[in-house]
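Good morning. I will go through one structure today, with a few residues and helix pairs picked out. Please have a look before I start.

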Amino acid sequence: MTLENTSPIFEPGLPLARDRERVGFLLLVSLVITAYAFAISHPFQLDDRIIVEENPYVLDHQWGTILTSSYWESFDSVLGDEQALYRPFTVLSYAINHAVLGPSPAGYRVVNVLLHLLVVGFVFLILRTWFGGLPALGGAALFALHPLQTEAVTYISGRADVLAALGFVVALWAFPRAEASTGRRRLGWMGLSCAGYGFGLMSKEIAVSLPAVLVLVDLVGERGRGGSWGACLRRVLRGWPRYASHFVVLAIFLGLRFAVLGKLAPSSADIPLLDNPLRDLTWLERIDDVMAITGRQIELLLLPLRQSIDYSFDQIPVTPGRVSDSWGHLALSVGALIAFAITAARRRAHAVTLGGGFFLITWLPISNLFVVIGTILAERILYLSSVSVALLGAAVIWRSGRWSRGMRASVLGVIVLLCAGAFYRTLVRNGDYRSSTALWESAARVCPNAARAQFNYGVNVRRRAEELEFAGKTDRAGKVREQARERFERVLAIYPDHLDAKFELGLFAWRAGQLEEARQLFRAMLTARSRESSNLPATVVNLAELYLIRGEAAVGLREIEKLTSGVPYLGPSAALAVGMLAAADGDDEQARRAFEFVLTQPLPRFGVLRQQRARTLLELARLELRAGRPEAARQRINESFALGIESVEQYVTLAEVHSAGGEGSLAEAALSEGLNRFPGSSALRSEQVARLREAGSWTEAVDRLEALLDEHPGQVDALRELAAVGRSAFEASLELRGAEPETLASAQGHLNLAVRCFSRATKEGATGARFSLALALQRLGRWEEAAQHFEGLADRRGRAEGLFRTQLGDVLRDLGRIDEARAAYEAALARDEENLGALVGMALSWLDDDVDQAARWAEKARWAGEASADAAWIALRVLEARGSSPELEAVATEFREQWPEDPRGWVALVRREVGKAREDGGLIALAGAKVFARAALERAVPGTRSFLEAADALRATHALAEEREDAERMRREIFEIWAPEDPRWR
């Protein structure tokens, strides 16, 4: 028997001429290259960052360290995590890749495609030996173009599966040649087979099943020659020395693995529940789930139309102790096993037996049946098992050689169509890897119940919102950001212990000003003390910053120390947090010790701990500045920049140092440079605006923020600062009291500045700014404009709809549009029947029409707002409308005594005295009215309803006393300025 036709199983059929064979294989190679060419330049994805892009062993070409380290060790050193994975040849290939082709992802993918073509080539050689040229070409094409291979080829971290398969098929190809040779040639072929097996094992554990496949090949060959399965098995096993060398290789690998890792397989505690929900189940409990998962694997091999990068918790729900919910997949796997058993019983069906047996044997290490692996299901781990598709395809073509020409042509036509469909599907699937967003959007769509898929898609949606904000599309950004938040909430509904989702929701709550909610989420993450999140170091610092914002540094110190105690990998982050809190609490010595501890820790090349080292240097710079050592502070800042990390805090701290040294121009230059590097930074803008605020230059601060917005439209940080100036101006107007011309001018100036700020922020789509704008317009008496804004806000619906409709009702009532005002109040009460503002407004709207109706609403307000000034005031107004003078006087006096600074009580007394003066013309009552009116004006904020009512009451006293000049002056100075739209003042 010649070497080319060495086969323990089949007599090759449907051969091809060598030139046609070469042309066909080159065509197949070109199709594979075409299918993957468009994905070559796609960015790094998922674990690529840790295993390849930022792996110091790869970047520094630490060949020896790679051989003596675990697969995740460069990452484990940061989080203290350990998983029993030993794949040195895979990491070594990345290091060689980096040394030759550089850090670009394209270089890694080119090598991945070449490795895939090598696997395809050896699959073709094996199939050609067993079936002949044409079946081999068809089977190799099905394997090469199968869409399932994209995760192993396009995903750079999937290289481990390709390398393991390469070693596997090399060993499988060389083994029968060793059996057919003698002497040195036999030794060489056997050495190549063992070397291939060792290479596969050192690349990924999945290659472990090779000896069983070698036995299967010999067994099926014996079965094809006749005899029962038992007799064939005995004959094969009697030749056990042929397999001994491979078991020696396996033993050597296991010894190396144990020497490096200290164990042979990961324990369940090493495997996150999110990755594999089967980890805590016993073997009996997980059998039915394994069968259901196998059905999904078979479906992916036979009909890969819905693919995902992730099948994590809870896409495939586990159901210990009972039949799985995945009935379809369970039925598929059981049916496949039954069909395989029936087929294997037939003597002449050994080709199908070989394909099915190959799948079962290579499936066992990834099945979770006997050993729980790091994932419940991943498409890349089916790369080796998919060779069974090539075997079955080649077997069908080989079998068609015995059929009629028409049947053979039909079979070949079907194979061509399958290859064409696989080629198209591979092109489409490779398109998903063009960006992280596209990849996770596809995963979230295919696996709606997979927590990781939903989370990672949410992260990409959140990043998209940030991009939209930077581009000035704040309204769209807000909607996209809300979609991200909803996605994270969905993640927690699927997997309540998903720490990274809590981290993201904590950031959302922080951004929304919900500091307590953010604190609780961050605290829950640290309380869990789980290593499933890489955000825990950042969480520690975030929690410290929240305590700083709340002014609870001492409480924060105790909390951080309690939550991080006994968690070594959080030590540097905890020290940074403790230092920040201690510095805020005035204990500079403790802060310095904590910061110095961070500086003594090993410095990682990448990641959050390196960023925290830079932050620590900046905090030390602030301590040096506080101690009066500006030069030492500058040195710390320079050390921070030397780490190769640029951050907003660096420029802010540098500006603080220059400012402390009286170098105002240098401080401004540092802030300007920082803004050039980080144009969307709120911290830098805060620093600039804070300096202008300190100088009392609010208008200049607004001018600069508006100029920045003109240059970079829609920057959320600039909008925040602009709105902050507006709020400051608005709050300053609330501090003013009285009706002096200077007070009126100042209040109006503040409000006009606030309107300017809020108008610009509203134009950019900031909802909160629009509400503030409406309030400022209402205060200025521009009530038609205020009504439009309140109505627009109310139409958006949401949690604040009741507030918006109440404010709308107030404005409409002031404009005399009573029916519309009542409709607005009713809509507000439909959301909350105890809305005090709406109840008071409804009562006021009925005062002039139906006092009894007003009284009923006032009573509801009293129950909703017991002991509140608003409820007491509306009761007082009802008494006024009924003319209950004795009772009115007592209630008004009681109101004034209980809320002496509330101008409304004084206004009620003015109206009482004016009423007395009108009845009997008493000068004493008139004089009292003037005193009370001036007291009301002194307590009232210009532009508020109480201010206008107090001014109107005082004008009424002037008119009653025939002091027309004073009455006219008040009309001119107050009413024409502050309430031009109010029909009563026209």
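Does arginine 822 count as buried or exposed at 10% relative accessibility? Arginine 822 counts as buried, where buried means under 20% relative accessible area, exposed means over 50% and partly exposed lies in between, with a 1.4 Å probe and protein chains only.

Before going on, a word on where the values come from. This is a predicted model, in which local features need pLDDT of at least 70 and side-chain atom pairs count only at pLDDT 80 or more, while totals for chains, interfaces and linings use all residues. Residues are numbered from 1 along each chain as its sequence is written, and side-chain values use heavy atoms, with hydrogens and water left out.

Now the chain as a whole. The protein chain has 48 helices and zero strands. Helices here are DSSP runs of H or I with at least four residues, strands are runs of E with at least two, and the numbering starts from the N terminus. Of the 986 residues in the protein chain, 55% are buried. Contact means heavy atoms within 4.5 Å. Among contacts in the protein chain with a separation of 6 or more, 67% are between residues 24 or more positions apart.

Back to arginine 822, which is found in helix α40, residues 818-831. Leaving out residues up to four places away in sequence, arginine 822 touches Met842, Ser845, Trp846 and Asp849. A salt bridge is a side-chain nitrogen of Lys or Arg within 4 Å of a carboxyl oxygen of Asp or Glu. Aspartate 849 counts as exposed, at 53% relative accessibility.

How many salt bridges does this rule give? The count comes to 39. Another one is between arginine 615 and glutamate 545, with the closest N and O atoms 2.7 Å apart. That pair also links distant parts of the chain, since arginine 615 is in helix α29 (residues 608-626) and glutamate 545 is in helix α25 (residues 536-550), 70 residues apart. Arginine 615 has a relative accessible area of 17%, so it is buried.

A further salt bridge joins arginine 817 to glutamate 820, the closest N and O atoms being 3.0 Å apart. Arginine 817 is partly exposed, with a relative accessible area of 28%. Glutamate 820 is partly exposed as well, at 41% relative accessibility.

Next, helix packing. Two packed helices are described by the angle between their axes and the distance between the axes. Axes are lines fitted to C-alpha atoms, for helices over the stretch in contact, and angles run from 0 to 180 degrees between N-to-C directions.

Take helix α27 (residues 571-584) and helix α28 (residues 588-600): their axes come within 8 Å and cross at roughly 160°. So α27 and α28 are roughly antiparallel to each other; angles over 145 degrees count as that, under 35 as roughly parallel, 65 to 115 as roughly perpendicular and the rest as oblique. Their crossing is left-handed, meaning the near helix is turned anticlockwise from the far one by less than a right angle, with clockwise giving right-handed. In the contact, residues of α27 including Leu576, Val578 and Met580 meet residues of α28 including Phe595, Phe597 and Val598. By class, the contact of α27 with α28 has twelve nonpolar, three polar and one charged residues. Ala, Val, Leu, Ile, Met, Phe, Trp, Tyr, Cys and Pro count as nonpolar, Asp, Glu, Lys and Arg as charged, and the others, Gly among them, as polar.

The second pair is helix α38 (residues 783-795) and helix α39 (residues 801-814), whose axes come within 8 Å and cross at roughly 155°. That makes α38 roughly antiparallel to α39. The crossing of α38 and α39 is left-handed. The residues of this contact divide into ten nonpolar, one polar and five charged.

Last, alanine 394, which lies in helix α18, residues 387-400. Alanine 394 is buried, with a relative accessible area of 0%. Not counting residues up to four places away in sequence, alanine 394 touches Leu127, Phe131, Pro135 and Gly139.
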